[in-house]
Amino acid sequence: MGATIDVSADDDPGIADGTTSFGLWTNEGEVPENAANNPESPVIDLFDGQTLTVTVTFEDGSISTQAIELHVANFETEMVDGTPRLTPRLAADDAEAGTSAKSLYGTVVEAGNGPFPFPLDDANNRADEVLPADTLERAEETRPVSMFSNGEPHAATLANTVMYDAGEIAAIQLRPPYEQGDDERQLAVGPVSITRAATPPSGKTPDEFVEVANGWLGNLAYFSKCTQERYGYAFNDDGTLTDQGFCYLEATFTVTNPNEESIELNSRDMGSFGLANEEGRLLAIDTSYFTLDMAVSGDAETDLDDPRCFTIAPGGTARVSVLHVLPNRLADDEGLFFLTGFEQSGALVAFSVGE
């Protein structure tokens, strides 16, 4: 709304109950690359030492004004629904990057009952501006799959992949052995069957996909906008895709938990489609946001708060279906595989589904 904001709780009740928030930004200099995803973002440093002045006029006509000096510091974070959230606690100097993030705190340097000390002539002077559209770059259709040896990344290839026929059963763990710790998460997966269709095989409409409903808060219009920009297609209300050069691929498979304890899984654990290039390097296909939809039946309990997550009982067997979108020409490739996890040896496990 501009550098000076003048708002009323009568016009926006969220100001009074705390559901309305105001953000700060600066127009100085160029925005650093990937600034929004950088917990040490240099953008925050631009506010260090600046003063934020806030005046509140109450219903009885009384006034309170504070001048708040902004400072940069590292704060502890905590995980909430799988996302790190800031806490009000300052982080220790030696805190690891994954447990802390840079942010601002304010110190009141002046307080009184006087009016706002600056002119209001330019208050809300940008309220009617239309911001330029924020568009996403087109994603590459494939991305290299990496493995690690002695802590160092290297290219995953067909040579270090165990390829199963779609009708077989593979013993896997979802994480490579060096990441397992005390939780090996052993599973048996397979056989795998593939359904290809122009509309979702489940009969759902896109607004019912678990990724749209839970990952994008049900905002199908925005999800379609981002999918169009990033991948080149969008979703019609009836489930058809706006570009007939794409199709739905649904992988359905059996997952057995042979362990004596239940195992918690989510849709992003459940595998992805891929190909190998001419040099034999494994490439994961990246043409849809995560797993669009998932269905689970059998000895499994879906998380009511987030149906992208489910738990398989000890010794239980579940039937799982996961939905992706692929370009037709990649779906046509005879070398198509479904990547599921790792053997105890550390080799990748994939099912050949190209035929």
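Tutor: A polar contact is a pair of N or O atoms within 3.5 Å; within protein, one must be able to donate a hydrogen and the other to accept it, and residues adjacent in sequence count only if both atoms are side-chain atoms. This is a predicted model, in which local features need pLDDT of at least 70 and side-chain atom pairs pLDDT 80 or more, while totals for chains, interfaces and linings use all residues. Residues are numbered from 1 along each chain as its sequence is written, and side-chain values use heavy atoms, with hydrogens and water left out.

Student: Which residue has its backbone oxygen 2.9 Å from a polar atom of the Asn328 side chain?

Tutor: Asn328 lies in helix α6, residues 328-331 (helices, H or I, of at least four residues and strands, E, of at least two are DSSP runs numbered from the N terminus). Beyond its neighbours within four places in sequence, Asn328 is in contact (heavy atoms within 4.5 Å) with Arg196, Gln244, Gly245, Phe246 and Cys247. The backbone oxygen at 2.9 Å belongs to Gln244.

Student: What distance separates the C-alpha atoms of Asn328 and Leu249?

Tutor: Along the chain, Asn328 and Leu249 are 79 residues apart. Their C-alpha atoms are separated by 9.8 Å.

Student: How many bridges join β2 to β4?

Tutor: Strands pair if DSSP finds at least two bridges between them. Strand β2 (residues 63-80) runs antiparallel to β1 (residues 51-57), with 7 bridges, and antiparallel to β3 (residues 83-90), with 5. Strand β4 (residues 100-112) is also antiparallel to β2, and the number of bridges joining them is 12.

Student: Which residue of β3 is the bridge partner of Met79?

Tutor: Partners can be given for each of these pairings. Val54 stands opposite Gln66 in β2, and Thr65 has Gly112 as its bridge partner in β4. For Met79, the partner in β3 is Pro84.

Student: Which residue in the hairpin of β1 and β2 takes a positive phi?

Tutor: The hairpin has 5 residues between its strands. The residue with a positive phi, near 90°, is Gly61.

Student: Why does Thr291 count as buried?

Tutor: Thr291 is in the loop between β14 (282-285) and β15 (293-298). Leaving out residues up to four places away in sequence, Thr291 touches Glu211, Ser267, Arg268, Val322, Leu323 and His324. Buried means under 20% relative accessible area, exposed over 50%, and partly exposed in between (1.4 Å probe, protein chains only). Thr291 is buried because its relative accessible area is 2%.

Student: What is the relative accessibility of Ser267?

Tutor: Ser267 sits in the loop between β12 (263-266) and β13 (272-276). Residues up to four places away aside, Ser267 touches Thr291, Met294 and Arg308. Ser267 counts as buried, with a relative accessibility of 1%.

Student: Is Leu217 buried or exposed?

Tutor: Leu217 lies in the loop between α4 (210-215) and α5 (220-231). Phi of Leu217 is positive, about 55°, although the residue is not a glycine. With a relative accessible area of 77%, Leu217 is exposed.

Student: What is the relative accessible area of Asn124?

Tutor: Asn124 is in the loop between β4 and β5 (142-144). Phi of Asn124 is near 60°, a positive value in a residue other than glycine. Asn124 is partly exposed, and its relative accessible area is 23%.

Student: Which residue is joined to Gly190 by a cis peptide bond?

Tutor: The bond has an omega of about -5°.
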